[in-house]
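Please open the model in your viewer and keep the selection tool at hand.

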Amino acid sequence: MTTVSSTVTVTQSGARGAAQRVRQSLTSRTAGIVAIVIALLWTTPTFGLFLSSLRPEDQIKTTGWWTFFADPQLTLENYRQVLFSTSSSSGQMASFLINSIVITIPSVLFPLAFAAFAAYALAWVPFRGRNLIYIGIFALQVVPLQMALVPLLSFFSEGVSVFGTQIMPAWELEGASRFAQVWFAHTCFALPLGVFLLHNFMSELPGELIEAARVDGATHGVIFRRLILPLVAPALAAFGIFQFLWVWNDLLVGLIFAGGTAETAPMTVRLAQMAGTKGNEWQRLTAGAFVSVIVPLIVFLSMQRYFVRGLLAGSVKG
Amino acid sequence: MNLDFDFAAEQPKLVQLLLGIVAFCAVVALLLLLLDRAPMRQRARLHAAILLAPALILLAIGLVVPAVRTTMLSFMSGDGAAWVGLDNYIWMFTQPEAVTVLRNTLIWLALVPILVTSVGLLYAVVVDRTRFESIAKSLVFLPMAISFVGAGIIWKFVYAYRPEESDQIGLLNQIVVALGGTPQQWLLEPPLNTLFLIVVMVWIQAGFATVVLSAAIKGIPAEIIEAAKLDGASPVQMFFRVTLPSIRSAVVVVLVTQSIGTLKLFDIVRTMTGGQFDTSVIANEMYNQAFRYGETGKGAALAVFLFVLVTPIVVYQIRQRREAVR
């Protein structure tokens, strides 16, 4: 295309065409430089962190990571220490890594299933008040989760009482069972967006397909399992990946509902703690941060397409 | 150093995870079973109720009731014992420390969406139709996958400070020193420290803008571009007269999305400064008041104010998105 148009210009007017070519090659050179500068600015900080995490402690603390190239020394000691050391001054990051996994898996599965059920009902089960319920759920996207934190926490710790009468007891969760309240919170907060996205997708499916299945005597359960689920798999994947990243990278919900100890808190909470109290222990911070960053990066690189779709679709969450 | 990591201590967690997954399977199986048992000829209401019950119950407990309760708490004292009228809101708009928080949020809101959109747009334009386009876009998009906490640490390291006489370990101070300046404690000096935090947000979000805007640029009909080129439009003219007007709605999407994300921003401030040195923003202050100082009323008032700020933007965004779908 470009060659065609430039030859056309040249034949039209030789002098103007030459000037334009010079200008174009100049601008394309500037464009190239701008692109390279931005790309460098966007990758260097991460690269510096990664390289530092592999350098010996005394070097990280006394020299910049760029001096590595003059005096290359690599070690995995930082990772060994931040992950597996049991002394409380180090990261104990392995514990928190397990917590992050335990928090994330159910916090993705529950909202995925519940949102799919609700979206199916709102899209394909005709009943009175359907639109009202849909608009209600839809509108909840507006509520920032900050609005829910204090009362939801007291719901877990004190139960529900109306005018002094206890109608629901406190959950009183101890130790590992506290994960349940983190799952609960993440599931609640994910539903408005999940229902909205999946409903959008499901309502686009051809009605004749579902009508035909119904005429053949299929129940809603069968239609949902055999017909709908396979068809909306891409949307489920997009929402699932988005929710995975949201939960894995979340700090606020973890901080409030999982507490701050190695028993239940996710990696992000631990890293934020370390950045505050051990802000100069760079050998642990760099290695710890890289452990937490590598998981979503792998997901990103292996499922880039769904990932981008999910992120774009889910950009209003929160 | 003690390295005997206690794997046995981790077992209860894995048991809990297993319980969670079993519970998940049980709930899903139960719902499907109920659905199969409910005869198809009966009113659809029953089917709908079975399908909607989990979502509606969770939304009621987890969002609707708490939101109402938070609104009530915002008119009550810190311990939630007495009504105090508008005191919490008056505090928010008059006390110097609270006003600083609001001012910072405004600075964030004024800068982040514009900067993210500009950088994203610039990058999308310069890498468009080049050989390395997809790799180039991935590189800038990569920070989107990282947690805000991780990004905070990455940048805290860039900003790291060492006294003048010793070697610098932070990239920014190294550059300053190399250019003949003196190293600075970037995160400690207001008001510039807020700008250094904003850089982190822009760094994370620019990839989002790049991807959205790049897709929009590719959607511009080829004939329009060809026609402009035939008319001898310079690249700069092309950008302002052809590209920008054609992707207006995508630009709005990015601006709006970034505004919402910026208003709710918490993690970066919390990780990098903890809100100290005059860098706090609404969401961070809400957390501090409600969960660290036990001032539930003030925290609730901040949450309500956040809600009030976000609502018009989200409504606008949803209307835009609905138009886009049509």
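Select helix 7 of chain A, residues 146-158. In this predicted model, the helix has 13 residues and reaches 19 Å from its first C-alpha to its last, close to the 18 Å expected at 1.5 Å a residue. Now colour its buried positions: A:Gln146, A:Met147, A:Ala148, A:Leu149, A:Val150, A:Pro151, A:Leu152 and A:Phe155. Step next to A:Gly159, which follows helix 7 of chain A and has a positive phi, near 75°.

Move on to helix 10 of chain A, residues 220-231. Its 12 residues reach 15 Å from the first C-alpha to the last, close to the 16 Å expected at 1.5 Å a residue. Which residues of this helix are buried? They are A:His220, A:Gly221, A:Ile223, A:Phe224 and A:Ile228. These residues cover an arc of only 140° around the axis, and therefore they lie on the same side of helix 10 of chain A. An α-helix has 3.6 residues a turn, so residues three or four places apart point the same way. Turn the view to the face directed away from the buried side of helix 10 of chain A, where the exposed residues A:Arg226 and A:Pro230 are found.

To see what covers the buried residues of helix 10 of chain A, display elements from both chains. From chain A, the cover includes helix 5 (93-124), helix 8 (179-203) and helix 9 (207-215). From chain B, it includes helix 1 (11-37) and helix 2 (44-73).

The contacts between the chains are the next stop. Select the 100 residues of chain B that are in contact with 102 residues of chain A. On the side of chain B that touches chain A, helix 2 of chain B gives the most, with 19 residues. Colouring that side of chain B by residue class shows 66 nonpolar, 20 polar and 14 charged residues.

Stay with chain B and colour domain 1 (7-73) and domain 2 (88-325) separately. The centres of domain 1 and domain 2 of chain B, taken over C-alpha atoms, are separated by 36 Å. Then select residues 102-319 of chain B, where an unreviewed UniProt entry places the feature "domain: ABC transmembrane type-1". That stretch of chain B is 73% helix and 0% strand, and its end C-alpha atoms are 28 Å apart.

Return to chain A and select A:Thr277 in helix 13, residues 267-277. Is A:Thr277 buried or exposed? A:Thr277 counts as exposed because it has 9 C-beta neighbours inside 10 Å. Draw a distance from A:Thr277 to A:Pro192, which is 85 residues away along the chain: their C-alpha atoms are separated by 36 Å.

Finally, display chain A as a whole. Chain A has 15 helices and two strands, and 49% of its 318 residues count as buried. Among contacts in chain A between residues at least 6 apart in sequence, 69% join residues at least 24 apart.

Notes:
Residues are numbered from 1 along each chain as its sequence is written. Chains are lettered from A and ligands numbered from 1 in the order in which they are written. This is a predicted model: local features need pLDDT of at least 70, side-chain atom pairs count only at pLDDT 80 or more; totals for chains, interfaces and linings use all residues. Helices (H or I, at least four residues) and strands (E, at least two) are DSSP runs, numbered from the N terminus. The expected span of a helix is 1.5 Å times one less than its number of residues. A residue is buried if 20 or more other C-beta atoms lie within 10 Å of its own, exposed if 12 or fewer, and partly exposed in between; C-beta atoms are placed from the backbone. The arc is that of the directions from the helix axis to the C-beta atoms. Two residues are in contact if their C-beta atoms, placed from the backbone, lie within 7 Å. Domain bounds come from an automatic or database domain assignment. Ala, Val, Leu, Ile, Met, Phe, Trp, Tyr, Cys and Pro count as nonpolar, Asp, Glu, Lys and Arg as charged, and the others, Gly among them, as polar. UniProt positions are given in the numbering used here, feature names are shortened, and annotations may be inferred rather than shown by experiment.
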